[in-house]
Amino acid sequence: MSTETTSKVNVTCTVNGQSCMLTAHPLARLLDVLREQLRLTGTKEGCGEGECGACSVLVDGVLVNSCLVPVLQVAGAEIKTIEGIADGVQLHAVQQAFIETGGAQCGICTPGMVLAAVNLLAQTPQPTEADIRNGLAGNLCRCTGYMKIFDAVVRACQRADIKS
Amino acid sequence: MSNQTDTQTKIVGKPVPRKEGRAKVTGAARYIDDLRMDGMLYGATVRSAVPRGRIREIKFGAGLPWDEFVVVTAADIPGENCVALILLDQPYLVAKFINHAEEPILLLAHADKHLLEKARRAVTFDVEPLSPIFTLEESLAKKEIIWGEDNIFKSYQVNKGNVDEVWAQADFIIEGEYRTGAQEQLYIEPNGVIAVANADAGVTVWGSMQCPYYVHKALLKLFALPEEKIRVIQTETGGGFGGKEEYPSMIAGHAALLSWKAGGRPVKIIYDRAEDMVATTKRHPSRTRHRTAVNKDGKLLGMEIEFVIDGGAYATLSSVVLSRGTIHAAGPYNCPNVRINAHAVATNVPPHGAFRGFGAPQSIFALERHLDKVAQVVGLSPAEFRRRNFIHEGETTATGQVIREPVDMEGLLARAFELTDYQAKRERFARANEGRSLKRGIGFASFMHGAGFTGSGEVYLQSIVGAEAGADGRVRLLAASTEIGQGTNTIFAQIAADALQIDFDLIEVAQPDTSNVPNSGPTVASRTTMIVGKLVESAALGLKQTLQNSGLLKANYTTDDWRAACRRHVEQFGLLKSFSQYKPPPGINWDEGKYQGDAYGAYAWAVYVAEVTVDMLTYEARVEDFVALQEVGKVVHPVLAAGQIEGGVAQAIGFTLYENVVWSEGRMLNNQMTNYIIPTSADIPPIRVYFEEQPYAYGPAGAKGIGELPMDGGAPAILNAIEHATGVAFNHVPLLPEALMQALNQTA
Ligand code: FES
Ligand code: FES
């Protein structure tokens, strides 16, 4: 159905620790609302059909593809986007590791990849190689061949200061 | 000078953090779709859907407020209706004749994206259909003439010795035919631009692209404006791999035409994934035929090669892709008699274009598969056969280029085998596979890749790089070479920092903006580090020389001395600037007419080894281990360089086993990530990368180009390994489970 004919709804949720009121068509994609209304453009669109993971965000601690989530579904939820991963100027260990190991090349998959890695380490603080491969398999990268991304995850979990 | 640099810690060779790394990991980096402007409209492209025909009428469906839309057709074009590249055959918008099913005919813009999409679907065309051709066989057979006199965009012939005389003396004559399919670049950020255009201000385009000056050149013709009225700015670019070499000229022109018609309102066009996959360029499909003469000692006597690529509906870059494929077709071997006939032909599919490797992966695939067959016929192992034929310093390539660098292919082969335990595995797998449903195999490919433009290409380009130093001592590098993920910003800064012996952090790279940076040439052909990097080095040295000549800087200095000297220079004379223009290394000669001579200034040399398993129950082939060993001159940045190789190898694995473009009536049917499959983190084997460093005298700090190399060796190495595992020779990629099933069932 077309979204422009239905009326807009208000949705309250928390984004990166701040509560916000979003006004959008109920079927509007969370991805678009984040990018256009909140100007949180770190969340990227690579495919729009749940295949690439560039649009990954955390909703109540669960990694989701925001291109598949209607905004209505996040009422009352806590959302974390790439903009909420660093602690002020202090990068998250995963971000720091991506820089050091060369896990980001063109960078377009990186926000989603960082979120997937943060999510993986939150669930499995000491992942095996298979855990890393499977944990990131929903996020496509065309630049790196994934090796340096695996290195980044390993390096991040070796850091004592890891927190999610 | 070398004394100074020895005492200074060098940055070339160190894994310094990527310049724009922080912006990328925090989501702060701004790509084209992250930008918006006041009053901005969204643009959409209405495409033919018919592969060949003549337009009779454009129809606008009922029920839409058409007067709210900006509508552009070919009749609205202020200048020439062609996307200027090498030839001028491709229109921006079809005026009359349609030559492929995704050809743009009409453009629409509106502030409401949803309404825009409705409108796009409501425009239809009444077309008188003409008979299309879709394959290179149909094109060669001239089933229909769809381009020029004979469907041929370009042909080359390379001749060395006299191949006609060798067949009679040969102990063995071995023939083979090899094919490769189309491949989508699948950068994760689709093509996109924003344009502002009107008669007063001129045309400004921001966008995701590899080559701002290509877009600039195309817009000049499209709008017939003076040079300074056209401005092209590259925004952070989410991958290119060749896919954003020529296509951005098209989408930039479309957005600019809409803005022009809308009186200068900004227009943004961002392709969604489906449109990007279906309409933009892909790797040229190819067919290669080999006929090879060998004597009983396993020495190559002659090679006759026919190499044909499908260019799609318009010429675009096909002639250049053909050229690189042709020159690489005979590989790093010393063969006295070679003839290569090569053709790029037209079909009614969207134009194929640049993709990492640029024709070389196609012809190298054929050669490295074929040589395994030749070895078998002669009764030698694939390794021994190649050892007897590798090229050495002083010997000549197919184009008659005398190799003047120390090349040690035997050494590379030996090291690659050691790293993979190749010999032992080769024997062990062959024994153990008997009766098993999971069969293992190991195979390799040996190859080279020329860096920079072919032949006199670099001389014609006359690339320029600038460097400027401000009062604070900060140095800004001015080049049109783009950062598309490969690390241009970082590598240029390293080269400049070492040339000037100052802190890496003092160097910044200007955003490529044609109103601001000189034309350092396109970001293609593995030329950015080796060719443009060298210009960066000399432009930076120019700054130092000026300061030293004017007595502001002594021979030995610290970063603080540097800052002080810059400050004094700026106070006395103003901003310090230096430019450097390309000069060919001495002794490079190329005969374009005969296709003879020094095709490239330098080559990277490589041996890649793949280990596979083939599951005889599911018909799945998997790469289990991959070693990529290459000699690339000085490695400027070990992490970025390894990242280039790993990424290229992953794309090669996709090209070989996963990525299949399904065609129907000249259209890609599987234009979604759901059904066009690229490797995920679960599919990729450990990719183990090793470098040998043999500094190249004319590269910056000794570096050669590496960007395309890793695309070349994967496909033949993997298929050689699959033949080792199964005993079946597969000679086409992509090799999907269906083809494996069919062939393995036949032989079972
Ligand atoms: S954009 Fe959401 S998964 Fe690709
Ligand atoms: S870094 Fe470019 S897609 Fe991952």
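This is a predicted model: local features need pLDDT of at least 70, side-chain atom pairs count only at pLDDT 80 or more; totals for chains, interfaces and linings use all residues.
Guide: Start in chain B, with helix α8 (residues 318-328) and helix α9 (residues 360-378): their axes cross at roughly 25° and come within 7 Å.

Visitor: Why is α8(B) called roughly parallel to α9(B)?

Guide: Look at the angle. Angles under 35 degrees count as roughly parallel. The crossing is roughly 25°, so α8(B) is roughly parallel to α9(B).

Visitor: Which residues of α8(B) and α9(B) make the contact?

Guide: From α8(B), take Arg324(B), Gly325(B) and His328(B). From α9(B), take Ala360(B), Ser363(B) and Ile364(B). Sorted by class, this contact has two nonpolar, three polar and one charged residues.

Visitor: Now another pair. At what angle do α14 and α15 of chain B pack?

Guide: Helix α14 (residues 488-500) of chain B meets helix α15 (residues 528-549) of chain B at about 40°, and the axes are 8 Å apart. That angle makes α14(B) oblique to α15(B). The crossing of α14(B) past α15(B) is right-handed.

Visitor: Which residues meet there, in α14(B) and α15(B)?

Guide: Among them are Ile491(B), Phe492(B) and Ile495(B) in α14(B), and Val532(B), Val536(B) and Leu541(B) in α15(B). By class, the contact of these two helices has 11 nonpolar, four polar and two charged residues.

Visitor: Next, the chains. How much area do chain B and chain A bury between them?

Guide: About 4100 Å², with 53% of it on carbon and sulfur atoms. In chain B, Val25(B), Ile188(B) and Ser681(B) lose the most area to chain A. Together they give 18% of what that side buries. Count residues too: 56 from chain B and 46 from chain A take part in the contact.

Visitor: How many salt bridges are there between chain B and chain A?

Guide: Six. One of them pairs the side chains of Glu36(A) and Lys113(B), at 3.1 Å from N to O.

Visitor: Last, the backbone. What do most residues and peptide bonds look like?

Guide: Most residues other than glycine have a negative phi, and most peptide bonds are trans. Now look for exceptions. Val733(B) and Pro734(B) are joined by a cis peptide bond, with omega about 0°. Pro734(B) sits in the loop between β28 (732-733) and α19 (737-747) of chain B.

Visitor: What is the phi of Asp60(A), positive or negative?

Guide: Positive, about 50°, although Asp60(A) is not a glycine. Find Asp60(A) in the loop between β3 (56-59) and β4 (62-65) of chain A.

Key. Residues are numbered from 1 along each chain as its sequence is written. Chains are lettered from A and ligands numbered from 1 in the order in which they are written. Side-chain values use heavy atoms; hydrogens and water are left out. Axes are lines fitted to C-alpha atoms, for helices over the stretch in contact, and angles run from 0 to 180 degrees between N-to-C directions. Helices (H or I, at least four residues) and strands (E, at least two) are DSSP runs, numbered from the N terminus. Angles under 35 degrees count as roughly parallel, over 145 as roughly antiparallel, 65 to 115 as roughly perpendicular and the rest as oblique. Contact means heavy atoms within 4.5 Å. Ala, Val, Leu, Ile, Met, Phe, Trp, Tyr, Cys and Pro count as nonpolar, Asp, Glu, Lys and Arg as charged, and the others, Gly among them, as polar. A crossing is left-handed if the near helix is turned anticlockwise from the far one by less than a right angle, and right-handed if clockwise. Buried area is the accessible area (1.4 Å probe) that two parts lose on being put together, summed over both. A salt bridge is a side-chain nitrogen of Lys or Arg within 4 Å of a carboxyl oxygen of Asp or Glu.
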